[in-house]
Amino acid sequence: MSLKIEKLISGAYGLSHDQQGRAVLVKSALPGEVVEEKEIRKRANVLIAEDYEIMEKSPLRIEPKCPYYGKCGGCDFLIVSEKDSAMLKEGIVRDNLRRIAKIDYDIPFLDPLYAPFYAYRSRCRFHVDMKRKEIGFLSRAANSLFPLENCPALTERINGLLKEKDGILREAQRLRILNGVNKKTGFVEVAVQDGDSSLSIGGNEISALGYKVTSECFFQSNLKLLPDLLSFVKENAEGNVVMDLFSGVGTFSRLFEDHERKVYAVEKNPKCLSLSRKNAPHALSFTSDATLFSRRVRESVDTVILDPPRVGLDRDLISLVESWKAERVIYVSCDSTSASRDLQLFKSYRIEKARVFDFYPGSFHEECAFVLSLDR
């Protein structure tokens, strides 16, 4: 059966419809392409075509840059250039805002930002097979390991660690004793963070763009684009009181170390907050769940910065933030589906501007930021 790809949706799936009008998701297919499906399977009430032949190719399609494409599960959107990737992801974000957030007005999008695919990734999580002493990523097909000695997306230092193996294997052995293996995959997961001049593995503290970071706490993995996101957030903050509700290691709180603003850094992970205190020593730091902390806020807030995990925000937290009537809300998202669900609930606000930051070229992941202002 032939399928014509109508558009891309979250996950970088091509959306089509079969002869019965049922939606079919086609992995790694581009808008306008025609594919001949060979096998369609049903997963969670969704039809997915992964085995197909391309009958009509998009002019945007290119040969993947990575020799492991289609085998390793690390990157699955290497079929377009970095620029086209960013533009297509912006289209996905815009579509989610229309369909999910029900935004019925034009949102000004600044041009999406992107960087080269090669050697951009300064943070990753390796999977380790302790029996075979193999290190890599989960394969695209299943929860099996695809061993690697080199990954084009990773920084030179991380690739050196991957090739040498011993440091990762020692850390995997330590973690296996402490936590056991992942029950789903049977592998041990080892996080690595590259920085300005050294690596963090096992939680040692390093510097990255001047921030104190470790492999144990999340920090953005594209250090080439992170300064652009930092500038976007800083330039769009207003007023004297800034509430950073998912402060992590103080990524955004640190932007306001000029003593002119009162900054609250709220982070429930105590290890991350200890780094936040070092990165943003003048902020008022609190180890707390964002919703629980927000229930105690009594003073006026001018700007709220939200950078939640992939699942998005708690509904109660959205109501609390709305009640503060802050002039500005800056929402940074790694998933425009959950962000769109959240943004629909900000009834008192209007999206003033948005921008896509393609932190993960070659993958389906989207990173975007929205600036909300009170709708007077």
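The structure is a predicted model, in which local features need pLDDT of at least 70, side-chain atom pairs count only at pLDDT 80 or more, and totals for chains, interfaces and linings use all residues. Residues are numbered from 1 along each chain as its sequence is written, and side-chain values use heavy atoms, with hydrogens and water left out.

S122 has a relative accessible area of 3%, so S122 is buried. The term buried stands for under 20% relative accessible area, exposed for over 50%, and partly exposed for what lies in between (1.4 Å probe, protein chains only). Leaving aside neighbours within four places in sequence, S122 is in contact with T155, I158, V192, Q193, D194, Q220, S221, N222 and L223; contact means heavy atoms within 4.5 Å. Although A119 is not a glycine, A119 has a positive phi of about 55 degrees. The relative accessibility of A119 is 35%, so this residue counts as partly exposed. A positive phi of about 60 degrees is found in K133, again not a glycine. K133 lies in the loop between strand 7 and strand 8 (134-138) and is partly exposed, with a relative accessible area of 42%.

Helix 2 comes next. In helix 2 (residues 156-164), the buried residues are I158, N159, L161 and L162. They cover an arc of only 160 degrees around the axis, so they lie on the same side of helix 2. The arc is that of the directions from the helix axis to the C-beta atoms. Exposed residues E156 and K163 are carried on the face of helix 2 turned away from its buried side. After helix 2 comes K165, with a positive phi near 75 degrees.

Helix 4 (residues 226-236) includes L226, which counts as buried because its relative accessibility is 0%. Not counting residues up to four places away in sequence, L226 touches L209, F219, Q220, T251 and F359. The buried residues of helix 4 are L226, L229, L230, F232, V233 and N236. They cover an arc of only 160 degrees around the axis, which puts them on the same side of helix 4. Among the elements covering these buried residues are strand 13 (211-213), strand 17 (303-306), strand 18 (328-333), strand 19 (349-356) and strand 20 (368-374).

Which residues touch the most other members of the largest nonpolar core? In this core of 71 residues, they are F126, V128 and L229. Helix 4 gives the largest share of this core, five residues. A second, separate core of 37 residues includes A101, L245, V266 and L313. A nonpolar core is a set of buried Ala, Val, Leu, Ile, Met, Phe, Trp, Tyr and Cys residues joined through side-chain atoms within 4.5 Å. Beyond four places in sequence, the residues touched by F126 include I135, F137, L154, I158 and V192.

Strand 15 (residues 262-266) is mostly covered, with four of its five residues buried. Strand 14 (residues 241-244) runs parallel to strand 15, joined by four bridges, and M243 has Y264 as its bridge partner in strand 15. Strands pair if DSSP finds at least two bridges between them. Strand 15 is also parallel to strand 16 (residues 284-286), through three bridges; in strand 16, F286 is the bridge partner of V266. The chain passes from strand 15 through helix 5 (residues 270-279) to strand 16 in a right-handed β-α-β crossover. Right-handed means that, with the strands pointing away from the viewer, the path from the first strand over the helix to the second runs clockwise.

Finally, the cysteines. A search of the whole structure finds zero disulfides, a disulfide being a pair of cysteine sulfur atoms within 2.5 Å. C151 is buried, with a relative accessible area of 11%. For C368, the closest cysteine sulfur is in C334, and the distance of 8.7 Å is too far for a bond. C368 counts as buried, at 1% relative accessibility.

Definitions and conventions:
Helices (H or I, at least four residues) and strands (E, at least two) are DSSP runs, numbered from the N terminus.
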